[in-house]
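Dear colleague,

Please find below the structure that I am handing over to you. My notes on what was found in it follow directly after.

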Amino acid sequence: MTRSLLLATALGLAACEQRAPDAPVAPDAPATPPAETVTTGPLTITDAYTPPAPASGTGGLFFTITGGAEADTLRSITFAGAERSEIHESYDAGDGMHGMRPVAGVPVSPGGATALAPGGTHVMMMNLASALAPGDTVRAEATFDRAGAVPVVAVVRTLEAIPHVTAP
C-alpha cells in the first residue's frame, strides 16, 4: 500500500472510533494554533480542526456548535477544497465492525453544545483538491435551518495534537 492510502485509511478508521473521554494528548506533540471561534447570530462554532490528509483523499472535519435561545439543525457543510462534503455518523455494525453513514441533519439544542467528533457525528470532505498539512487553515461553510450560512474556520492538527481515539 502507498503511504497516502495508509494515511487515508487510518484517518477514516479514526473517524469511526470513539474518543476516550480523558485520553491525553501526546506530551511531545507540537503546538498547534487554536481554531477561531465564529459566532453568527445565535450560534457559536468552536474548536474546529481537521487531521492532515493527502490530495485526492478524504479528510474529517470536527467542531463544537453551541446553540442559542432556539433549537436549530445543521443541514450541510460546504468546503471549496473538496469535491463534496457530507455529514456522517459512526455506528456499530455488529461483530466488532463499525461504519459511517450520511445523516440529513444534526440537531442543536437551545443553549446546548453539540460536538462533531471522531467516533460520532462528523464531516467527511471527499476527494480533496490539495493536501491538508499541519498548521494550514481550512475555511468551510455550515448551513443551518435557522441561522443560515455560518463560517467554520478549522486548523489542520498533527495526529499527535488530536485527542487519542480508541476502539469501543
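In this predicted model, S85 is placed in strand β6. S85 counts as buried, because its relative accessibility of 18% falls under the 20% limit. Leaving out residues up to four places away in sequence, S85 touches I77, F79, V123, M124 and M125.

The nonpolar core

The largest nonpolar core holds 28 residues, and those that touch the most other members are L61, F63, I65, L74, I77 and F144. At least two residues of this core come from each of the following strands: β3 (43–50), β4 (58–66), β5 (72–78), β6 (82–94), β8 (106–108), β10 (121–128), β11 (137–144) and β12 (148–156).

L74 deserves a separate entry. With neighbours within four places in sequence set aside, L74 is in contact with F63, I65, I87, A104, G105, V106, L116, A142, T143 and F144. One of these contacts, V106, is also the bridge partner of L74 in β8.

Strand pairing around β5

Which strands pair with β5, and in which sense, parallel or antiparallel? β5 and β8 pair in the antiparallel sense, over three bridges. β5 and β11 also pair in the antiparallel sense, here over four bridges. On the β11 side, E141 is the bridge partner of T78.

Aromatic rings

The count of aromatic pairs comes to one. The pair is formed by Y49 and F62, whose ring centres are 5.3 Å apart; their planes stand at 40 degrees, so the pair is classed as tilted. Because Y49 lies in strand β3 and F62 in strand β4, the pair ties together parts that are 13 residues apart in sequence. Y49 and F62 are both buried.

R101 lies over the face of Y91, at 4.1 Å from the ring centre.

Salt bridges

Side chains of opposite charge can pair when their charged atoms come close. How many salt bridges does a search of the whole structure find? The search finds six, and I describe some of them here.

D145 and R75 meet through their side chains in a salt bridge, with an N to O distance of 3.0 Å. This pair links distant parts of the chain: D145 belongs to the loop between β11 and β12, R75 belongs to strand β5, and the two are 70 residues apart. D145 counts as partly exposed, because its relative accessibility of 46% lies between the limits of 20% and 50%. R75 is likewise partly exposed, with a relative accessible area of 40%.

E83, R84 and E86 are linked in a network of salt bridges.

A147 and L43 are separated by 104 residues in sequence, while their C-alpha atoms are 7.1 Å apart in space. Not counting residues up to four places away in sequence, A147 touches L43 and D72.

A53 is found in the loop between β3 and β4. Is A53 buried or exposed? At 3% relative accessibility, A53 counts as buried. A53 and P134 are 81 residues apart in sequence, with a C-alpha to C-alpha distance of 9.3 Å.

Points to check on screen

- the tilted pair of Y49 and F62, together with R101 over the face of Y91;
- the salt bridge between D145 and R75, and the network of E83, R84 and E86;
- A147 with L43 and D72, which A147 touches.

With kind regards

Conventions
Residues numbered from 1 in each chain as written. Predicted model: local features only at pLDDT ≥ 70, side-chain atom pairs only at ≥ 80, totals over all residues. Heavy atoms only, no water. Core = buried A, V, L, I, M, F, W, Y, C linked by side-chain atoms within 4.5 Å. Buried < 20%, exposed > 50% of the residue type's maximum accessible area, 1.4 Å probe, protein only. Contact = heavy atoms within 4.5 Å. Phe/Tyr/Trp six-rings, centres within 6.5 Å; stacked < 30°, edge-to-face > 60°. Lys NZ or Arg CZ within 6 Å of the ring centre and 35° of its normal. Salt bridge = Lys/Arg side-chain N within 4 Å of Asp/Glu carboxyl O. Pairing = 2+ DSSP bridges.
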